[in-house]
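Visitor: Please show me the structure. Then take me through it, terms first.

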Amino acid sequence: PWDNAAAMNLTPYEVVIVASMIEEEAALEEERPVIAGVIYNRIREGMTLGIDATLLYDDPTPDGQLSTSDLEYDSPYNTRLHAGLPPTPIASPGLASLRAALEPAETPYLYYVLCGADGHHRFGRTLAEHEANRATCGE
């Protein structure tokens with residue numbers, strides 16, 4: 001599977017960075033490849049990743065919550081402000097996350113939101129779908 005890294009124009013280190021984000025974002029095994037697909041779709045589209053786990057990694061007020069000022073914090077780990085990957089991994093990824101980073105799902109989705117105590121996400125293709133999912137999930 002490491003051959004896939006080169007095919008995706010990624011170094012092995014960049015794959016580990018992606019896998020670390022998946023590790024922090026995905027609670028459900030079956031969602032890991034879909035979240036990977038969303039990450040790669042957003043990179044391909046030139047979008048910011050908008051992954052809160054990256055911001056929590058370098059949270060200026062480490063209380064486990066993201067305040068409005070945290071969201072505006074100018075850090076290379078703020079993937080809401082800065083396009084591309086964060087500079088380093090944000091966690092130690094497990095095998096399932098590494099596999100998902102190397103073998104992402106082919107998906108039309110560009111967005112996801114946590115939706116439920118069991119850790120499942122709702123996925124959306126458009127910003128309008130994402131906003132509807134956020135409203136439904138209570139974010």
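Guide: Helices (H or I, at least four residues) and strands (E, at least two) are DSSP runs, numbered from the N terminus. This is a predicted model: local features need pLDDT of at least 70, side-chain atom pairs count only at pLDDT 80 or more, and totals for chains, interfaces and linings use all residues. Residues are numbered from 1 along each chain as its sequence is written, and side-chain values use heavy atoms, with hydrogens and water left out.

Visitor: Is A6 buried or exposed?
Guide: Buried means under 20% relative accessible area, exposed over 50%, and partly exposed in between (1.4 Å probe, protein chains only). A6 is found in helix α1. Its relative accessibility is 56%, so A6 counts as exposed.

Visitor: What distance separates the C-alpha atoms of A6 and R44?
Guide: Along the chain, A6 and R44 are 38 residues apart.

Visitor: Which residue has a positive phi although it is not a glycine?
Guide: Most residues other than glycine have a negative phi. The exception here is found in the loop between α1 (3–7) and α2 (12–25). With a phi of about 60°, the residue is N9.

Visitor: How many salt bridges are there?
Guide: A salt bridge is a side-chain nitrogen of Lys or Arg within 4 Å of a carboxyl oxygen of Asp or Glu. By this rule the count is 5.

Visitor: Which residues are linked in a network of salt bridges?
Guide: One link joins the side chains of E23 and R32, at 3.8 Å from N to O. E23 is partly exposed, at 26% relative accessible area, whereas R32 is buried, at 10%. The network consists of E23, E29 and R32.

Visitor: How many residues apart in sequence are the parts that R80 and D52 tie together?
Guide: The side chains of R80 and D52 meet in a salt bridge of 2.8 Å, N to O. R80 lies in the loop between α5 (68–71) and α6 (95–102), and D52 in helix α4 (residues 52–57), so the parts tied together are 28 residues apart in sequence.

Visitor: What is the N to O distance between E129 and R125?
Guide: E129 is partly exposed, with a relative accessible area of 25%. R125 is partly exposed too, at 44%. Their side chains meet in a salt bridge of 2.8 Å.

Visitor: Which cysteines form a disulfide?
Guide: A disulfide is a pair of cysteine sulfur atoms within 2.5 Å. By this rule there is 1 disulfide. The sulfur atoms are 1.9 Å apart, and the partners are C115 and C137.

Visitor: Where do C115 and C137 sit, and how many residues apart are they?
Guide: The link is left-handed, with -100° about the S-S bond. C115 is in the loop between β1 (111–114) and β2 (121–124), and C137 is in helix α7 (residues 127–137). The pair links distant parts of the chain, 22 residues apart.

Visitor: Is C115 buried or exposed?
Guide: The relative accessible area of C115 is 8%. C115 is therefore buried.

Visitor: Which residues do ring pairs link into a cluster?
Guide: Rings of Phe, Tyr and Trp (its six-membered ring) pair if their centres lie within 6.5 Å; planes under 30 degrees apart count as stacked, over 60 as edge-to-face and the rest as tilted. The structure holds 3 aromatic pairs. One of them, Y112 with F123, is tilted, at 6.1 Å centre to centre and 45° between the planes. The cluster is made of Y109, Y112 and F123.

Visitor: Are Y112 and F123 buried or exposed?
Guide: Y112 lies in strand β1 and F123 in strand β2, so the pair ties together parts 11 residues apart in sequence. Both residues are buried.

Visitor: What is the relative accessibility of G124?
Guide: G124 has its place in strand β2. It counts as buried because its relative accessibility is 0%.
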